[in-house]
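Subject: A structure for you to look at

Hello,

I am passing a structure on to you, with some notes on what turned up in it. Please open it first, and then read on with the view beside you.

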Amino acid sequence: MKLQELVSILETSFDAGILVNESGNIHFLNSAALDFFGAPNESLQNIGINEALVFLNKETNTPFLWKEVKQSLNESITVLVKSKDDKDVISGEARQTEIGEYTLLFIRPSSSSNNNLTASMVEASLDPVFTISSDGIIQMVNSAACRLFQYTQEEFVGSNISIIAGGIHEEHHDGYMENYLLTKEAKVMGKRRRLPAKRKDGCEFMIELSVVEIRGQQHLFCGFVRDLTDILASQALVTSILDAALDPLFQVNEHGIIQMVNKAATAQFGWTRDEFIGSNISMIVGPEHASKHDQYMERYLKTGEARVMGTKRELPARRKDGSEFIIQLSLVEVKVESGDERLFCGFVHDLTEQKALMASIERERNLIAGVIDASLDPLFQVNETGIIQMVNKAASTQFGWTRDEFLGSNINMIVGGEHAARHGQYMERYLKTGEARVMGTKRELPARRKDGSEFIIQLSLVEVPVDGGQERIFCGFIFDLTEQKDHLQDIQRRETFTNKIIEGSYDALFVTDKNGNITRVNATAVKKFE
C-alpha cells in the first residue's frame, strides 16, 4: 500500500490514528489524533512517540518503551496523554499493527467517566510515580512514592522534584531539565537509568528511573521509579559468589562488550575490572581469533549457528602482557526477562597445567614404549577377555605376526599344544577364583608361530592394577627357551659320549677334583683295585 493511500484511510477513521516510522518518530497524525492530543500538528510532527504518549503495562502499571510496544502487536495497551486544559491526564486504549516500514497506532480515548481510572491506575501502581511540570514542580504522586521516600502527599505536591535526588544530581537537577527543554537532548527521557535517590531522612539508595514527556499546551513529565535496593543486594551476592570462583568468568552483550568480570579473570589476564568493563571481549583472544571474533558473534546472531555456543572449545588466549596460553572456553547465552538485549556468559579454564601434565604423561608413555620396544624379549598386554592391546617389536619378530595383526586378536593365537584350546578357561578360572597357576610365576609351555611351528617358552604373567581395579589388565613376558634347550641337549649328549668313553676304556680311569679327591672311577678301576 502506498503512503498516500494509507494517509487517506487514516483521515476517515473516527479513532486517533498515528503513523510511526522505524526510528520511533511520529510521521503523520489524523484529525482525531490531533484532537486527542489537543496540540497543533507542527508540535507533534517528527517527535518520538514516547515523548507524546505514555504506554502502560496493564498488569504492573509500569511504562513501556516503544521497542517493547512493537513486540506486542495486535494487543491492547493503555496509553496516557495530558488533557487539553493541562489539568488532568486522560487515558485511552491503543492497538498497533505493522504496515511495511511503518507502525500504525490506533487510539480510542476512554469516556469521561473512565478518565478517573488513570489516577486510580497510577495510585494502584506498586512502584512510585511522579507527575511534574516543566519547571520540576511535583504535581502529583502516588502512595508508593510516599512510602518509599517518607514524605506525605502534601509535602510532595508543590515541591521541587530535586528533593528526592541523591548525590550530585540534587544541585544539578534543574539544570538537566533546562538543558532538555532547550536542546531536546534526552539523557533520561524515554530511557531507563540508574541513579542515586534520597529519602526524607537523608538516606541515599539506588533507583531505576524512567521519565516520559506528555505534550499538551504545557509540558508534563511522568517519572516512574523502581527501588533497586533488593536487586542490587542480590546482584552483590551473585558477584561475591562469582568472585569466589577459581576460573575466570565474563558477561558480554551481543556486540561483544564486556559488562561483568570476576576476580579470577583479572588475576588470570592482568587487566583490572575497570579496564575490562566496556571493552570488547576480543582483547583476551589470540591474534588469529581476535580479528574474526566479531564475525563469529554476528554469524551466531544472524543464523543461530553455534560453533562455540553451548560447547567447550580449546583456543589461544592473550594476557595484558601479550603472553599467550591455551584455554577451554564454554560460552552460553543468558535469557533476559525483558528487553531485546542478548547477553552471553563465557567460562574460561586455563589449560596450561593440564597441557603440561598431558605432555609429561605423553613423554613418560613414549619413554615406556621405547623401553618396551627396545626389549629383546617379547611382551604382550591383554585385557581380562584375553584381547591383545599392546605388543613390542620382539613379539612381532619372534612370532611372525605384525603389530596390527596382533592388536585386537586373542592371545591364544600364540599358544601351542593342548593349551591353545584351554587358555580361555585358565583366564576365567583365575578371574572367578583368584587361583594363580600361572599368575606371578614362571612356567614353561609350548608356543606357536604364525607359520604353525611350535617352540618352548618361559612365560611370566602378572596382573597390572588400572583405574582402581575397574579394569583388569595383564602383562605377559616371554623368554624363548629354544637356545637354552638346545644347549642343555648338547651338554647331555657330551656327557653321554664322555661316559661311554670312560666306561669303555680298558685302563683304570680316575677323575679327581683340585684337592685330589676321587669323584669318579670306571668299572676297570674298580676291578683292578678290589
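A residue is called buried when its relative accessible area is under 20%, exposed when over 50%, and partly exposed in between. Please also keep in mind that this is a predicted model.

Let me start with V521, which sits in strand 24, spanning residues 518-521. Its relative accessible area is 31%, so V521 counts as partly exposed. V521 is also one of the members of a nonpolar surface patch, along with F510, I518, V526 and F529.

For a contrast, have a look at C222, in strand 12 (residues 219-227). Is C222 buried or exposed? With a relative accessible area of 4%, C222 is buried, because the limit for that word is under 20%. While you are there, find Q139: 83 residues separate it from C222 along the chain, and their C-alpha atoms are 9.8 Å apart.

Next, the loop between strand 10 (192-198) and strand 11 (204-215), where you will find R199. How far from R199 is the nearest side chain of opposite charge? That side chain belongs to D227, at 4.1 Å. A salt bridge needs a Lys or Arg side-chain nitrogen within 4 Å of an Asp or Glu carboxyl oxygen, so R199 is left without a salt bridge although it is buried. Leaving aside residues up to four places away in sequence, R199 touches L148, F149, Q150, Y151, F205 and D227.

One of those contacts, Q150, deserves a stop of its own. Q150 belongs to the loop that runs between helix 7 (143-149) and helix 8 (153-156). Its phi is near 70°, a positive value in a residue that is not glycine. At a relative accessible area of 39%, Q150 is partly exposed.

Now to the charged pairs. How many salt bridges does the model have by this rule? The count is 11, and here are some of them.

E155 and K200 form one, with their closest N and O atoms 2.8 Å apart. This pair ties together distant parts of the chain, since E155 is in helix 8 while K200 is in the loop between strand 10 and strand 11, 45 residues away. Both partners are partly exposed, E155 at 32% relative accessibility and K200 at 43%.

Another salt bridge joins K485 to E444, and here the closest N and O atoms are 3.1 Å apart. Again distant parts of the chain are linked: K485 lies in helix 19 (residues 482-504) and E444 in strand 20 (residues 442-448), 41 residues apart. K485 is partly exposed at 31% relative accessibility, and E444 is partly exposed at 44%.

Stay with helix 19 for one more pair. R493 and D490 meet in a salt bridge, N to O, at 3.4 Å. Both are in that helix, three residues apart, which is about one turn of it. Why is R493 called exposed? Its relative accessible area is 51%, and the word applies to values over 50%. D490, at 25% relative accessibility, is partly exposed. The pair is also part of a salt-bridge network that links D490, R493 and R494.

Key: Residues are numbered from 1 along each chain as its sequence is written. This is a predicted model: local features need pLDDT of at least 70, side-chain atom pairs count only at pLDDT 80 or more; totals for chains, interfaces and linings use all residues. Side-chain values use heavy atoms; hydrogens and water are left out. Helices (H or I, at least four residues) and strands (E, at least two) are DSSP runs, numbered from the N terminus. Buried means under 20% relative accessible area, exposed over 50%, partly exposed in between (1.4 Å probe, protein chains only). Patches are made of residues with over 30% relative accessible area and no salt bridge: like charges are joined within 9 Å, nonpolar side chains (Val, Leu, Ile, Met, Phe, Trp, Tyr) within 5 Å. Accessible areas come from the Shrake-Rupley method with a 1.4 Å probe; for residues, only the protein chains shown count as cover. Lys and Arg count as positive and Asp and Glu as negative; His and the chain ends are not counted. Contact means heavy atoms within 4.5 Å.
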